[in-house]
Amino acid sequence: QVQLVESGGGLVQAGGSLRLSCAASGSIAGIGAMGWYRQAPGKQLELVATITSGGSTDYRDSVKGRFTISRDNAKRTVYLQMNSLKPDDTSVYYCQANILTMKGRGDYWGQGTQVTVSS
């Protein structure tokens with residue numbers, strides 16, 4: 001059974017920083033692309049950033065220059081460093097990973113972690 005466990009959310013003032021972590025565990029044969037998504041109340045889920053197994057990254061325009069996604073393949077962990085946070089960044093943040101197991105490849109999701117940015 002595969003699990004993604006997130007940590008690092010919380011309450012921060014505008015202009016502050018937070019670092020999210022997401023660790024994968026279980027019967028994992030390999031991990032492909034990983035990403036972070038977020039969903040604010042009453043809004044759709046949106047992609048924040050992705051990183052391939054080789055380290056190539058991509059970001060939504062609104063976080064470029066402020067957020068950095070990275071991964072530690074040995075620890076099976078993906079990170080999201082968030083700087084210069086704005087109230088509009090307030091959301092539940094979810095990590096996602098494309099994971100290969102004995103049963104095949106599929107997308108797995110974390111439980112979500114709340115990020116609240118006060119003005």
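In this predicted model, E46 is partly exposed, with a relative accessible area of 25%, and its side chain meets that of R38 in a salt bridge with an N to O distance of 2.6 Å. In general terms, side chains of opposite charge can pair when their charged atoms come close.

The total for the structure comes to five salt bridges. Another of these is formed by the side chains of D89 and R66, which meet at 2.8 Å, N to O. This pair links distant parts of the chain, since D89 belongs to the loop between β8 (77-82) and β9 (91-101), whereas R66 belongs to the loop between β6 (57-59) and β7 (67-72), and the two residues are 23 residues apart. Both partners are shielded: D89 is buried, with a relative accessible area of 2%, and R66 likewise counts as buried, at 11% relative accessibility. Through salt bridges that share partners, R38, E46, R60, R66 and D89 are joined into one network. A further salt bridge is found between K64 and D61, whose closest N and O atoms are 3.1 Å apart; here K64 is partly exposed, with a relative accessible area of 47%, while D61 counts as exposed, at 63% relative accessibility.

Turning to the aromatic residues, a search of the whole structure finds one aromatic pair. Because Y37 lies in strand β4 (residues 30-39) and W109 in strand β10 (residues 104-109), the pair ties together parts of the chain that are 72 residues apart in sequence. W109 is partly exposed, its relative accessible area being 39%. A contact of another kind involves Y79, over the face of which R19 lies, at 4.1 Å from the ring centre.

Strand β8 is mostly covered, with five of its six residues buried, and it is paired with two other strands, β3 and β7. Strand β3 (residues 18-25) runs antiparallel to β8 and is joined to it by six bridges, in which A23 has T77 of β8 as its bridge partner. Strand β7 also runs antiparallel to β8 and is likewise joined to it by six bridges, and in this pairing D72 stands opposite T77 in β8. T77 is therefore a partner both of A23 and of D72, given that strands are counted as paired when at least two bridges are found between them. Strands β7 and β8 form a hairpin with four residues between them, and R76, in the turn, has a positive phi of about 55°.

The loop between β8 and β9, which holds D89, also contains P87. P87 is partly exposed, with a relative accessible area of 38%. When residues up to four places away in sequence are not counted, P87 touches A14, V117 and S119. For P87 and S119, which are 32 residues apart along the chain, the C-alpha atoms are separated by 6.0 Å.

Terms used
Residues numbered from 1 in each chain as written. Predicted model: local features only at pLDDT ≥ 70, side-chain atom pairs only at ≥ 80, totals over all residues. Heavy atoms only, no water. Phe/Tyr/Trp six-rings, centres within 6.5 Å; stacked < 30°, edge-to-face > 60°. Buried < 20%, exposed > 50% of the residue type's maximum accessible area, 1.4 Å probe, protein only. Lys NZ or Arg CZ within 6 Å of the ring centre and 35° of its normal. Salt bridge = Lys/Arg side-chain N within 4 Å of Asp/Glu carboxyl O. Contact = heavy atoms within 4.5 Å.
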